[in-house]
There are 2 protein chains.
Amino acid sequence: MAPEIQQDGETLPQNNNTYTRDHEALHKTKVTVVGSGNWGSVAAKLIASNTLRLSSFHDEVRMWVFEETLPSGEKLTDAINRNNENVKYLPGIKLGKNVVADPDLDNAVNGANMLVFVTPHQFMEGICKRLVGKIKGDVEAISLIKGMEVKMEGPCMISTLISEQLGINCCVLMGANIANEIALEKFSEATVGYRENRAIAEKWVHLFSTPYFIVTPVQDVEGVELCGTLKNVVAIAAGFVDGLEMGNNTKAAIMRIGLREMKAFSKMLFSSVKDSTFFESCGVADLITTCLGGRNRKVAEAFARSGGKRSFDELEAEMLQGQKLQGVSTAKEVYEVLSHRGWLEFFPLFATVHEICIGSLPPSAIVEHSERKPEL
Amino acid sequence: MAPEIQQDGETLPQNNNTYTRDHEALHKTKVTVVGSGNWGSVAAKLIASNTLRLSSFHDEVRMWVFEETLPSGEKLTDAINRNNENVKYLPGIKLGKNVVADPDLDNAVNGANMLVFVTPHQFMEGICKRLVGKIKGDVEAISLIKGMEVKMEGPCMISTLISEQLGINCCVLMGANIANEIALEKFSEATVGYRENRAIAEKWVHLFSTPYFIVTPVQDVEGVELCGTLKNVVAIAAGFVDGLEMGNNTKAAIMRIGLREMKAFSKMLFSSVKDSTFFESCGVADLITTCLGGRNRKVAEAFARSGGKRSFDELEAEMLQGQKLQGVSTAKEVYEVLSHRGWLEFFPLFATVHEICIGSLPPSAIVEHSERKPEL
């Protein structure tokens, strides 16, 4: 049978012409998701729905899974690939048949043009080391990882870690994103932070956007990424207010002061950070979500209810099955930066959260001290 | 006894020299609060604590009361002056002995240098008419009245009404201010919007500020005043999300989109409006308070739970003892402006709130339609 000449092969999924198919395949973008927890699985689901729809992407989305053996004896990757569902971290949600779980990191990233990093932040340094030399030179990356560390010499941004270790460009995606709600296709928003290349940011936006998940690009990697970390400190403050039963007025005031300090701190660290970023989903919306629900708020509430008599360590162990609260450690890291740079007086809320967490001040200090209004 | 020469008479409260006392009195600022509802009574309490403390003010704060007869047969003004408490609108809270209730508007404003307007907004036009010619020419005014009307030709700002009718300068004070929480001296914040004179704004800040009530001046009367009105439309949207049980993620997204539309609408009406105003208490904090608690949110939640089958009129009658929701009427007014100016497509959330309120769209449209993301 003589091959037909196809003007637009992309619109012909049933094309039987091997030459044309292979040629197209060479130019299609391959996406790999590095990580497969709760949020990673939802990210894979979002992406997989788009790679099927958009002809410029390979249908298949490879998802690197840190292999585990399930109580049934089955490997987690086998279970995911058999059920098309992450039975451990996102049960009940179909990921899309084009999501392929892979326990081998090297194999998972092999040939990928776009890498989505969504692991616990403490794993990233090790993963980057393993990936050196294993990925293409022109790969684009995005980090969905919240909870970078704020070190004395400045924040240790995950996007910077990825860029520097792998020599590639790295965007970030943050926002008011409770994974389980997005998995159920409830309406939500997110923000992509990019450094220079708007076209790449648009490509990420296309890859993640669905009718129920609206993604906006913002040229401000640092601002977007810092929002995702600093909001946890404000959530601790909001939890104290809840525990003290001070009402919605006080809680709103504390959230507003927290947002002001998030903005001021980010801008003092990076002069490029934009005010407008804090109006995006990664800013005010994520702050609202985190201060209404969320672990940090919840444990801080319990801490305040105990009058500060029970320690965060004790409450975390009881309420979070051994997980640690990011807000408490971030507050400590931020305090060290403030103290080291002589900025403590400008950030009464951030400073007070840490001092309450370590027992130097009672929970009620959150309002008494945040009242101090420095001119920034 | 020969009179002593006093270098600084203000620091001598026990001065028995009649001449000096009268001379000082002439130069002290007299404050009158026009209105004595829930928020008006709290405002009088805040102000009265400061006029006692600050030597540049007359101690006495006169409060105009729309006279009523209580069930006991006693006049409301007599009850207030006898108990030092607004037994009808703020029971259980002492206003300060220097608050004097006065049922006679002319007498209440006589000799006042600073007027605080805090009545229901529909009374203001009549009150202004009655005050023409009764007040000093250099009187300074501030409006605490939320809920100006948004007319086709632009918003009918209460501060402008006061300025134009009385020929005086008028600031505004707005914020996340649940009157009963501030009456209990719970920590809160507010924003003073002023036009040009920073010194006058600072004077208002001093008059209202207490250790638990932090006031910030902002040179943006229109932005501050519009926040106080437009947030009620967003609260209706937030109530729909609650009624549909869509979760914190979606609610935060809708609140963020609402804040974006508040900002865009205000800036399209007044080019002088500043982005930074929306980070103040009058912006993001008041929005949070109103979307967490509040009547507008509550009735909108009930409306959505009924699937839009019960009308707002019916629910208002049942839930609010005949009071009307400002959010529903503001949404209608805003819709008329948007429609008249051809701006509907830029404000999907504002437009959709009105269309749901009048039954043209189901409550679920709040997320389906707000998704549309116009470039503003």
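Student: How does chain A lie on chain B?

Tutor: Chain A can be laid on chain B with an RMSD of 0.0 Å, by a turn of 180 degrees and a shift of 0.0 Å along the axis. The two copies are thus related as by a two-fold rotation axis. The superposition is by least squares on the C-alpha atoms of residues with pLDDT of at least 70 in both copies.

Student: What should I know about the model and its numbering?

Tutor: This is a predicted model, where local features need pLDDT of at least 70, side-chain atom pairs count only at pLDDT 80 or more, and totals for chains, interfaces and linings use all residues. Residues are numbered from 1 along each chain as its sequence is written, chains are lettered from A and ligands numbered from 1 in the order written, and side-chain values use heavy atoms, without hydrogens and water.

Student: Through which surface do the copies meet?

Tutor: The same one, because 100% of the interface residues of chain A are also interface residues in chain B.

Student: Switching to cysteines. How many disulfides are there?

Tutor: Zero, over all chains. A disulfide needs two cysteine sulfur atoms within 2.5 Å.

Student: Is Cys170(A) buried or exposed?

Tutor: Buried, at 1% relative accessibility. Cys291(A) is buried too, at 0%. Buried means under 20% relative accessible area, exposed over 50%, and partly exposed in between (1.4 Å probe, protein chains only).

Student: What domains does chain A have?

Tutor: The domain assignment gives domain 1 (29-219) and domain 2 (224-365). Their centres, taken over C-alpha atoms, are 27 Å apart.

Student: How many residues of each are in contact?

Tutor: In chain A, 26 residues of domain 1 are in contact with 24 of domain 2. Contact means heavy atoms within 4.5 Å.

Student: And how much area is buried there?

Tutor: About 2,100 Å², with carbon and sulfur atoms giving 63%. Buried area is the accessible area (1.4 Å probe) that two parts lose on being put together, summed over both. Met148(A), Val150(A) and Met152(A) supply 30% of what domain 1 buries against domain 2, more than any other three residues.

Student: How many salt bridges are there between the domains?

Tutor: One between domain 1 and domain 2 of chain A. A salt bridge is a side-chain nitrogen of Lys or Arg within 4 Å of a carboxyl oxygen of Asp or Glu.

Note on methods:
Domain bounds come from an automatic or database domain assignment.
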